[in-house]
Amino acid sequence: MSWLPIALVAAPLLGALIAPATRDRAVTWGIAVSAVVLALAVTLAAVFDHARPAAMQLRTDRPWIPGLGLRFHLGVDGVSLPLVVLTALLTFLCFVHLAGHPPAGGRTGALVVTLLVLEVGMIGTFLALDLLLFFVFFEVVLVPMYFVIALWGGAGRRAASLKFILYTLLGSAVLLIGLLVVWTEAGTLDMVALAGRHGSGIARSAQIVAFLAIGLGLAVKTPMWPLHTWLPDAHTEAPTVGSVLLAGVLLKMGSYGFARIAIPVLPEGAAALAPWLGALAVVGIVYGSLACLAQRDLKRMIAYSSVGHMGFVLLGFASLTPVGLNGALFANVAHGLITGLLFFLAGAVKERYGTADMRRLGGGMLRRLPYVASLLTFACVASLGLPGLAGFWGEMLALLGAFRPAAVVSRPLFLVFMAVGGLGTVLTAAYFLRMLSRVTHGRPVETIPPGPPLATAEGVRAVLSEAGEGAEPVEPVAAAAAVAALEREPEAVVDGGEAGATGAARALGAGAADAAETGQGKRPFRDVTAHELVAWLPLVALIVLFGLWPKALLAVTTPAVQALLGPGVAP
């Protein structure tokens with residue numbers, strides 16, 4: 001019995017239990033606990049026998065509920081190892097970011113506890129080798145992520161968090177039905193034994209039903225079109241750390257389920273439904289890209305880009321080939337790194353400008369914030385699949401898998417899927433380059449933020465505040481001075497029309513001048529901070545590493561993928 005998998009789950013759980021006692025040092029405690037978990041994950045990768053990545057290693061197998069034959073069974077192989085390390089890394093970087101950016105809603109200690117509980121569920125999902133234990137960890141993440149969005153999110157946080165929990169709970173209910181069908185037919189919940197059988201002992205009809213139910217449950221979390229509609233709202237309203245973990249890890253839990261459970265355990269069901277999975281995948285690729293072209297909000301655009309990128313992951317799975325599955329697993333990791341970096345940067349932009357609306361950002365970011373803008377450009381170029389960066393290999397291998405799919409599916413149909421997916425890569429480049437041209441390039445343009453008429457002091461407060469209940473003004477002292485100036489000269493503003501806008505602007509100018517006289521209200525429009533560099537540079541380094549040396553990841557996943565597919569499915 002190995003102690004490492006148990007320690008990886010127990011460390012953040014114990015940290016969450018002790019965190020309330022740390023009070024003012026909660027973030028420091030979160031950094032320390034997540035650093036321990038990251039060290040354990042790195043140790044796990046170091047002691048892992050890379051000569052046998054297809055074998056399940058470092059296993060812990062103890063009785064859990066003996067009456068039902070359930071076991072507390074944990075382990076790791078070449079499929080799960082990269083995701084365990086990715087989860088530990090992103091959680092640690094989120095705590096580092098949190099140290100320099102306290103949550104706007106306060107209650108920092110509660111957020112630390114919530115993130116540590118979230119880490120328990122995320123890592124446990126990738127380590128679990130019992131179907132019911134997998135389901136338990138899969139569900140553990142829902143409640144903490146709900147609270148992350150609902151308590152520390154933006155203006156529409158309540159609706160977004162409710163939509164998130166309803167969609168994911170419904171998906172989980174369907175997933176549970178599929179797992180119970182497998183249990184009823186196979187007589188075991190041991191994922192290692194089930195994968196080794198490659199569907200033996202489960203009737204074809206039962207496999208199709210189980211794959212449909214499990215696939216739908218996992219597709220909600222992935223997310224697959226048309227079950228994706230909870231994602232843009234959740235990403236837009238979540239705080240930065242919530243968006244990073246949601247995109248970087250939670251979406252991977254759904255796609256991981258396809259590789260770990262649906263395809264190896266139910267190969268006949270996978271073969272029957274793979275064309276449908278591929279069709280929905282390519283629709284998601286094109287739909288996500290077109291939706292990105294229509295977005296004004298930077299975070300929302302990145303959220304829709306995830307729908308498209310995860311479509312490539314699903315297309316790789318649908319090909320049922322080692323190349324396609326390798327591409328899907330590679331894209332999983334690359335998407336976690338790149339989109340995590342993108343959401344860190346989107347949060348930084350919103351904090352500095354007071355908005356994520358690309359029209360209100362006004363362009364010229366390379367002049368104002370050269371380092372932030374350069375990193376944003378790098379992340380966008382990586383996300384659109386530039387060769388030499390991590391985003392290229394996953395999409396290329398997924399398309400190659402569709403070019404030569406498994407013999408059990410129609411090759412002409414998958415050639416169509418490949419062509420549509422190729423169109424998606426062009427659209428991806430289009431929306432990212434369009435965004436960069438509007439935000440980072442050009443000359444800085446000072447724009448008047450759109451909003452309610454500036455006819456009253458309340459109108460000024462509404463415009464100067466970030467949109468959202470309980471949000472703080474972008475420039476608190478300057479806003480207060482502007483409101484005071486407007487209250488001193490109410491006659492300066494008339495209702496509506498050009499005169500009203502002019503009077504409001506005059507009042508705003510007076511308020512800014514008052515703030516300048518007192519030396520207050522000028523929050524520095526600073527470039528990258530030390531905390532941000534520590535949180536972002538590891539992601540940059542890994543994106544470059546896996547882009548230039550893809551074998552570092554493919555050497556771990558390839559033998560494991562071939563073992564999962566088995567001789568009956570692999571061409």
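Ala 331 sits in helix α14, which spans residues 322-353; helices here are DSSP runs of H or I with at least four residues, strands are runs of E with at least two, and both are numbered from the N terminus. The model is a predicted one, in which local features need pLDDT of at least 70, side-chain atom pairs count only at pLDDT 80 or more, and totals for chains, interfaces and linings use all residues. Residues are numbered from 1 along each chain as its sequence is written, and side-chain values use heavy atoms, with hydrogens and water left out.

With a relative accessible area of 9%, Ala 331 is buried (buried means under 20% relative accessible area, exposed over 50%, and partly exposed in between, using a 1.4 Å probe and protein chains only). Apart from neighbours within four places in sequence, Ala 331 is in contact with Val 313 and Gly 394, where contact means heavy atoms within 4.5 Å. Ala 331 and His 309 are 22 residues apart in sequence, and their C-alpha atoms are 7.9 Å apart in space.

Turning to the protein as a whole, 24 helices and 2 strands are found. Of its 571 residues, 57% are buried. Among contacts with a separation of 6 or more, 79% link residues 24 or more positions apart. The structure holds 0 disulfides, a disulfide being a pair of cysteine sulfur atoms within 2.5 Å. Cys 94 is buried at 0% relative accessibility, and Cys 380 is buried with a relative accessible area of 0%.

Helix α9 (residues 204-221) packs against helix α12 (residues 267-293) at an angle of about 65°, with the axes 7 Å apart. Axes are lines fitted to C-alpha atoms, for helices over the stretch in contact, and angles run from 0 to 180 degrees between N-to-C directions. The angle makes α9 roughly perpendicular to α12 (65 to 115 degrees counts as roughly perpendicular, under 35 as roughly parallel, over 145 as roughly antiparallel and the rest as oblique). Their crossing is right-handed; a crossing has this hand if the near helix is turned clockwise from the far one by less than a right angle, and is left-handed if anticlockwise. On the α9 side, Arg 204, Gln 207, Ile 208, Phe 211 and Leu 212 take part, and they meet α12 residues including Pro 267, Glu 268 and Leu 273. The residues of this contact divide into 7 nonpolar, 2 polar and 2 charged, with Ala, Val, Leu, Ile, Met, Phe, Trp, Tyr, Cys and Pro counted as nonpolar, Asp, Glu, Lys and Arg as charged, and the others, Gly among them, as polar.

Helix α7 (residues 157-186) also meets α9: the axes come within 7 Å and cross at roughly 155°. The two helices are therefore roughly antiparallel, and α7 passes α9 in a left-handed crossing. Contributors to the contact include Tyr 167, Val 174 and Glu 185 of α7, and Ala 206, Ile 214 and Lys 221 of α9. Here the residues divide into 13 nonpolar, 4 polar and 2 charged.

A few backbone details deserve a look. Most residues other than glycine have a negative phi, and most peptide bonds are trans. A cis bond joins Thr 222 and Pro 223, with omega about -10°, and Pro 223 lies in the loop between α9 and α10 (230-237). The bond from Trp 225 to Pro 226 is cis as well, with omega near 5°. His 198, in the loop between α8 (191-197) and α9, has a positive phi of about 55° and is partly exposed at 25% relative accessibility.
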